[in-house]
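Biologist: Could you take me through this structure in questions and answers, starting with its overall division and then going into detail?

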Amino acid sequence: MRGARIEVTGIVQGVGFRPFVYRLAKKTGITGYVKNMGNSVEILAVGGGEEINDFLAGLERDAPPLARIDNVSVQPTDEKDLQAFKIVESSSAGGSGSVLPPDVCICETCLAEINDPSNPRYGYPFTVCVDCGARYTIIETVPYDRVNTSMTDFPMCSECKREYEDPVDRRFHAEPTCCPACGPSYHLYYGSKLVDVINPVEAAVGKLDEGRIVAVMGVGGTHLASALDDTVVQRLRRRFNRPEKPFAIMVRGLEAASKFASLSEIEKRLLTSLRRPIVAVQKKSVAPELVAPGLDNIGIMLPYTALHHMMFNYTDADGFVMTSANLPGEPMFTEAEEVVASSFSDYCLVHNRQILNRVDDSVIRVVGDRPAFIRRSRGYVPEPIQLEKESGEVVLGLGAELNVTGCLLKGDRAFLTQYIGDTTKLRTLEFLESAVNRLLKLTGTKSVDRIVIDMHPGYATRALGRKLADRFGTPLSEVQHHYAHASSLMAENRLDEVVCLSLDGAGYGLDGSVWGGEVICVDEGGMTRSASLEPQPMPGGDLAAVYPARMLAGILHSHYSEEELKSVLARHRGDAFRDGELDLVLKQLRSGFNTPFTSSTGRVLDAAAALLGVCWERTYEGEPAMKLEALADKGKPVFELPIRFSKHQGREIFETGKMLKESVEFLESDCKKADIAASIQNTLARGLAILAVKCGRQNRVKAIGVSGGVAYNNAIVTEIERHVKSEGFEFYTQTQAPPGDGGISLGQVWHTIKKGR
Ligand SMILES: [Zn+2]
Ligand SMILES: [Zn+2]
């Protein structure tokens, strides 16, 4: 072989891949060129057979840290010797699918530069190189060249250009290369007034130390920052209208993190990884209570940009509150004007580089020693999830309603969008549309064969689905919510058969009722709902999800006379109902008016939270169940609660009403609430595990898994896992896509191609 034409796909753009290839070619004595092809990298390698073999071996072995090589195809050619090896201009011709890397944290070398007073980039918050920094957040389209990023607004100075063009420099073809002389900069505002200071970052940190609230624009959006002090956090909560929602904190380093939380090895690894997610970890009592009121865990992250490291250079504080700045339910602010115009903060530290792709911080919780994404966003997106088989069709899934992501299935890869959020808000729905469009663009996708949506007739994502189906002239399919959870679990674990416990708050069922505690069996015959939790009345419909005591009254209603129920509720939860509300609730329960039924796991946990007095009103998604979990964490599952099953409409159900009634008895005899909470979680887990095992045996399916929002509950998942494994089954969870509704879009696309086969 005199020469080889090589196509490399994977994450090979924006990771210093071409400079790496250049250096490798020099080292191995190869001539030719390397070229970005939009969706892949093309290399022409000319040399002796041995040189070419060395070159090919080095290509995979020594690839840069951010690169991920999925495929290398080699075609022999007869090109003659080309004298030199060159990096040639990009071509926008569509290849078969390279992707951009995600945004990662600043590297050690750049960090040393910003801390070195003799370096031109000393104290420069946008310092990056080919191994680190912003990528996805600044790109408009492929190929990944400076003109296609928001750095195009900042022409390089001669010194930056020299580094950028020098093949041995670590900024060689690093597209976001810039310096204080030519790059973007930060400005500090007080209200709408520009504050005239030499060092706006230092000044902003000074304000934080004084107890002021500062909006800090970063790489993928904006944070609201404050000191870690309950008085200041309380003020932030009032200004921001977030009475209870947990805030994340950013701390100086691992040592500071260990002051506020107990960290396991895997949690430490996640915190310090290049991707720098927020990790929800076990809170210590010294952590300010108001950062995560009533919860046993706290979201912590480490600094990830030059700016963050500089902030800690200017203070002695161990950390700051750093929570996404957005209007309730709406996407995070990405424009300096809207940050300055909002009244959440006293000061605003904003920059003048466009954020082209909004990316929230990723959030991970370790459940049963495995990471579970609460949000998969910065640091992970747009990296695809690798599937087992190629799909002939290009399929786009649009998720459900809350915690939405979109998912593009192309070939054997599933590209999830970043975390989008609550699509009941128009601006969030628009964000979903733009994120999907960006994904189509970055993957060079011009046509889509099918669009998939949730079955719920009221979800706004349906309207977007219809719009996209019209645009592409493609059919629109529906996938049931809990089937999508099961499919999402199967997709990333490469399973053909599974019994999936799809456990969450609510999803529209095949029968039109509200599901959420489902045993979904998937075998050769397809998917079926083989068992579930007992359907329970929700007096007032959605109100029962907002006020958990309504759910409690609903579940207990058939187990007591109304007089008894009233006195039980008065004894324990007299303060949970407003005047006359309980009578109205009882009337609804008697007549069935506006009282749909639900087999939801979340609603049972809500009712338990109300019974044990940890939550009267849900102010954010999952709040009652999270507070119940925090209470249960302080107790032990010492009480024997009944696990009874019966038949309902042909399937087996777990009678949660009997379980909850027995909990009332323990409460009446003054048992420790934390122990009751732990016993309820444990009993629920065991009952569900028993149903899953029974279903697995009947259908000869060896794999059992858990998906849905309840998959973030460590106690429940651990107990299910213990039981399932003790019965000889394999156990699966989701570690690549969120088990919550952020993973629904993956399940939707996977379910669709599976069914088509
Ligand atoms: Zn760097
Ligand atoms: Zn410069």
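Modeller: Domain bounds here come from an automatic or database domain assignment. The model is predicted, so local features need pLDDT of at least 70 and side-chain atom pairs count only at pLDDT 80 or more, while totals for chains, interfaces and linings use all residues. Residues are numbered from 1 along each chain as its sequence is written, chains are lettered from A and ligands numbered from 1 in the order in which they are written, and side-chain values use heavy atoms, with hydrogens and water left out.

Biologist: Into which domains is the protein chain divided?

Modeller: The assignment gives two stretches, 371-491 and 739-756, to domain 3.

Biologist: What area is buried between domain 2 and domain 3?

Modeller: The centres of these two domains, taken over C-alpha atoms, are separated by 30 Å, and their contact (heavy atoms within 4.5 Å) takes 22 residues from domain 2 and 19 residues from domain 3. Buried area is the accessible area, found with a 1.4 Å probe, that two parts lose on being put together, summed over both. Carbon and sulfur atoms give 47% of it, and the area is about 1,900 Å².

Biologist: In which order do the strands of the open sheet of 5 strands lie?

Modeller: Strands are DSSP runs (E, at least two residues) and helices are DSSP runs (H or I, at least four), numbered from the N terminus, and two strands pair if DSSP finds at least two bridges between them. Strand E4 (68-77) and strand E5 (85-87) are the edge strands, each pairing on one side only. With mixed pairing, the order is E4-E1-E3-E2-E5.

Biologist: Which residue in E4 is the bridge partner of Arg5?

Modeller: Strand E1 (residues 3-11) pairs with E4 in the antiparallel sense over 9 bridges. In E4, the bridge partner of Arg5 is Gln75.

Biologist: Is Gln536 buried or exposed?

Modeller: Gln536 is found in strand E25 (residues 536-537), and its side chain makes a polar contact of 2.8 Å with that of Thr656. Such a contact is a pair of N or O atoms within 3.5 Å; within protein, one must be able to donate a hydrogen and the other to accept it, and residues adjacent in sequence count only if both atoms are side-chain atoms. Buried means under 20% relative accessible area, exposed over 50%, and partly exposed in between (1.4 Å probe, protein chains only). Because its relative accessibility is 3%, Gln536 counts as buried.
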